[in-house]
Amino acid sequence: MEIQQLFDPDSSTYTYLVWDAHSGEAALIDPVRQQVGRDIRLVRQLGLKLKYTLETHIHADHITGAGAIRNILNSIVLVHENSRSKCADVLIKDGDFVPLGTQKIHIMHTPGHTDSDVCYLIDGAVFSGDTLLIKDCGRTDFQSGDAGTLYDSINRHLFTLPGDTRIYPGHDYNGRTHSTIAEERLNNPRIRKGITRDEFIVTMSQLELAPPQQIHDAWPSNLRCGTLDYSPASMVGCPI
């Protein structure tokens, strides 16, 4: 698998283009609406066939570009079944996989930040969305979040992966691009080895974070794959 990491500075969101080098079949993980033009240009420049757009969850901090990209490149939108999304082409669940050429992207349901969070696993790497960040983790104080569930998801699923597995997070606010399972198990201040479930729940309950700036627009829009109007003319500010 080949990986291209992309960044939206307004929301500090990482988008990932993942493709099978032999077949040219590709998937785009967590596209941002304001970056749709950039993403489509990259797919075309690399000569890829974008088969899927994959959401790690229903986002509250940015509006997805999945619907607009589907309209232009005929990709298939995948979201976890707990999202109850009415616009997704496929509602996925734990244990499913996405075929790309002769390879697969495996799906792990990792609720806690929301009840629809998933991580996408390929050989040697995991795209962890907001479930596990670099030296951090997703918040749990809204949108079906639950700190105890997040603790279980990280420890029972992500932290059981081989230590050298690379972690590609959904966000980073300090310029970091990736980490490893071993590094986060040892040094993540929120949830490193030795922190109990009860301690984690208390820590998360005391964060007192401000709500995401785009939450009132992003949440309902993302249940509709980012927009009600999928026409290219609707993509103001997103030249392709």
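**View 1. Lining of the largest pocket.** By class, this lining holds nine nonpolar, seven polar and six charged residues (Ala, Val, Leu, Ile, Met, Phe, Trp, Tyr, Cys and Pro count as nonpolar, Asp, Glu, Lys and Arg as charged, and the others, Gly among them, as polar). The space in the largest pocket is about 550 Å³, a volume being what is filled by probe spheres set on grid points joined across faces, edges and corners. Of its 22 lining residues, Ser11, Asp61, Arg139, Tyr173 and Pro212 are the closest to the centre. Here a pocket is an open set of points on a 1 Å grid over the protein atoms alone, where a 1.4 Å probe fits, with protein on both sides within 12 Å along at least five of seven lines; lining residues have an atom within 4 Å of a point. Do keep in mind that this is a predicted model, with local features needing pLDDT of at least 70 and side-chain atom pairs pLDDT 80 or more, while totals for chains, interfaces and linings use all residues. Residues are numbered from 1 along each chain as its sequence is written, and side-chain values use heavy atoms, without hydrogens or water.

**View 2. The disulfide of Cys87 and Cys225.** Their sulfur atoms lie 1.8 Å apart (a disulfide is a pair of cysteine sulfur atoms within 2.5 Å). The torsion about this S-S bond is about 90°, so the disulfide is right-handed. Both Cys87 and Cys225 are buried, meaning under 20% relative accessible area with a 1.4 Å probe, protein chains only.

**View 3. Cys119 and Cys137.** The sulfur of Cys119 is 12 Å from that of Cys137, its closest cysteine sulfur, too far for a bond. Cys119 is buried at 0% relative accessible area, and Cys137 is buried at 4%.

Terms used. Buried < 20%, exposed > 50% of the residue type's maximum accessible area, 1.4 Å probe, protein only.
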